[in-house]
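Hi everyone, thanks for coming. Today I'd like to walk you through one structure, step by step, so please have a look at it with me.

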Amino acid sequence: MNSAICTIVVPAYNAGCFLRWTLDSIVAQTTKSFRCIVVNDGSTDDTREIAEEFARRDKRIQIINHGANSGLSAARNTGLRATTSPFVCFLDADDLMMRDSLELRLAPLLECDDEHVIGSYCGSVTIREDTEKPPRSSSCILKPVDFLSAGTRCPFNANQPLFFADKLCRLGGFNEKMVQAEDYEFWMRSLRAGYRFVAVKRHAVTYRSRSRSMIRQQPLKHLDIAIQLNKASYMDLPAQTTFDADVTTYTKKWPVYRQQADLAGRILSFVGMEAARRNQADNNADLNDLGVMLRTELPDLHQVLSRNDIRLHLKTGVARFHTEPQKSLEIKFPQTTALLERLLKTALQEPLPSKVDSSDTTFPFTDSVEFSGWNLGKTRQPSIVFLLQKDYHLETLAPVLKHLATRNIDCHVVDLSSHCGDRFLRSKAVELDIPLVGLSPFMLALYAPKVIVALNDWDPSVRAIFGAAQAAGIKTAAIVEGIQDYWDADINRDRGAYRMADAVLLPGSFDKRYFSDSKQEIHVCGLPRIAEMRSAPPLPLPSIPRVLINSNFSYGVLVEHRDAWLTQAVEACEQAGLDWVISRHPADLGTLHQDKVTPETFDAATRNSTVVVQRFASGILEGLAHGRQVIYFNPHAEQVDKFKDPMGAYPIAETTQELARLLENAPGLAELHRHAWPDFLDTHCANREGVEPAIAIARTLGDLFDQVETASQANEWRTNLRAVDMFSRSMFDTRKILANIRPTYGRNTGNVERREGRFADVLMSRSVNTIVTRSKLKLIVEAEKRQRSEGASIRNLHRKNLREVLLHIDDHLEIFYHKTKDTRLIGPVIRQVSRIYDHVFKK
């Protein structure tokens, strides 16, 4: 359970010594109830080691590691998603906080009940590049910031605000498509959504001026984005623009509101004078025409002035008519109270239809920058969402997306590469012209998928998302992209591969045997990339015989046999007197015969060889599809049975001598086995109905899409995703926890019923923590404050307020029970309450 009041997110990429100074300033905060999340964004220097050193000394500091560098916005969003505190702020890894920075910025928000306030902000001091310690906080002149007062300008730097975390999440976090001015874009988005920031009139953070900063390296690029954002404030929002916020959106251009704000005081004052004149003659005088006037001249009055300010201006006019000071007005003229309330009601009625036509308005954003956060409309369209981790997944998906487009089905492709460490997925997406959605934007934005598809459903993160989808009534599907050891015969763990998805799209009819015990929807669709190879014109054999040895011992599976297998394969080639090269899987960590590893892709290397020596791998299918003879070499006795029956398509060797003899007769092998290749490939990777695999996959997914009558309930879907994030610390460093989520469907046990997965426990844990954390928040803050000011005992303050806290929790127990009808929620909450008792009375 985490009862920290605030989370500080520190995105760090090759931060070096600056990170040490930054974390020193965080640890020194006067507010002790905080958590610091350092998001190591694929650093190649000692950033991770420095963060781990601080984490060992201070348990409030935690680390999340990106598998690959993803950018500043993505790192901030990862930290945001891992936040369980009510408040959150961001501090770049080279900036500093004054000692009372958190305390100063938290103070106004702890007492704030205004739904329009998204956070507070403080002043910033620029420091030299070599500054190690922050100066003391000092006073400064700052004003509240909203869409009007910002004046289209960037109001502050990313390290100055402190936010209500839930409001920040609802706006989708930072735009990961941007590499500069992403904070400016978010401020304008949040302000235009109707939120505002309160001012803390103290310098409480620093900004380090660095000679190699991004803005100094590309000033014109930064300027271009800033100009676009500035121009956008002078334009009406397109009609379909929507924000996921609970406040009113500023849909019109900034000058419209600015003009009304300038006029509002004068108009309201004179309307007050006229109302007072009429009221003097008749307490029930008709004021409807004054209301029409206000709504005509000030249609957005409720957005440019607060209710108190509107009342104040009206009262000024009434007082001016009576020539009385405002303080004595309602004493000498009691009837003015009723008059002011009538005027307020008139002023705040629904405005008249707007004369502004924004139907033809478009933002002046360039194609190089996607400001996706401004318009969530497309994300809310019913869609199919794909979760991808590897670059070759895109090659399978590309033709499928084209066929789905012909059915007018929206598709979103979610990039999980920063989570799994693949460095090539994004470049492949650019090559294939497939737009990607980052993991954080997907988790934070309000998508409305009907179907969620993965090519690997045993990955802990995918499994958690699938669980969230199934709990919200969303269909899940898994495409078997290549081949699989479904029964985990040679894998050191029980993955339950392809047992989480509601529907499984298999490469061939052979694979159906692995799902005979399951009630999942099973569809045989084929493999698009193998079908493409088979349809290509046959390639002539190289003039000089060459053996391709495919070393693909990866991901911890049978890797202890790697060197022996490769050594035996090479010895057999040498005995047969044949030239040989090695194709090494990117995740194969072997180092033997490095000088003989071909730089070609496996596909190209296969085309340039006459024989392919393989262990269990999709290379068997690819070799045969290219018209190359394959030999299955299994001296290490791997147990997976998929290729144990070659159907006459290739020979199997289990010793070096057997492999050498086969290679000596290599020219005649193809003639001996060629006749069996078509049937073998049809059985393992073809659609038996003769439909092109990409079309079969698209057709199957489209049919699943049509089966769901309506998109999932958006709030339930988002709640489920948020619960997963809270439980898993954004699905990066705590994947072992997520691995405990069981497959939805039983695996090889005869149990054909749908299992209740661990996901219900994830939601339960999140619900419990939310109740207890919020209940303890006020107690902790007051205890810290009084302990510092009066020397009071925190434990005594806990005792004093314990009854109030427990009553607050009890209030929620009945709500959660009636909402979920699940008694399993009650026990864990009671256990958490017991822990509070222990914390209060035993410590």
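This is a predicted model: local features need pLDDT of at least 70, side-chain atom pairs count only at pLDDT 80 or more; totals for chains, interfaces and linings use all residues.

Residues are numbered from 1 along each chain as its sequence is written, and side-chain values use heavy atoms, with hydrogens and water left out.

Let's begin with the helices. Helices here are DSSP runs of H or I with at least four residues, strands are runs of E with at least two, and both are numbered from the N terminus. Two packed helices are described by the angle between their axes and the distance between the axes. Axes are lines fitted to C-alpha atoms, for helices over the stretch in contact, and angles run from 0 to 180 degrees between N-to-C directions. Helix H10 (residues 254–281) packs against helix H15 (residues 335–347) at about 130°, and their axes are 11 Å apart. H10 and H15 are therefore oblique to each other (under 35 degrees is roughly parallel, over 145 roughly antiparallel, 65 to 115 roughly perpendicular, and the rest oblique).

Which residues of H10 and H15 meet? From H10 come Val271, Gly272, Ala275, Ala276 and Asn279, and from H15 come Gln335, Leu339, Arg342 and Leu343; contact means heavy atoms within 4.5 Å.

Next, helix H3 (residues 72–81). Nine of its 10 residues are buried, among them Arg76 and Leu80. Buried means under 20% relative accessible area, exposed over 50%, and partly exposed in between, with a 1.4 Å probe and protein chains only.

Now the salt bridges: a side-chain nitrogen of Lys or Arg within 4 Å of a carboxyl oxygen of Asp or Glu. How many salt bridges does this rule give? The count comes to 37.

One of them joins Arg529 to Glu481, with the closest N and O atoms 2.8 Å apart. This pair links distant parts of the chain, 48 residues apart. Arg529 is buried at 15% relative accessible area, and Glu481 is buried at 9%.

Compare that with Arg607 and Asp603, whose closest N and O atoms are 3.0 Å apart. They are four residues apart in helix H23, so about one helical turn separates them. Arg607 is partly exposed at 30%, and Asp603 is partly exposed at 26%.

Finally, Glu274, Arg277, Arg278 and Asp289 are linked in a salt-bridge network.
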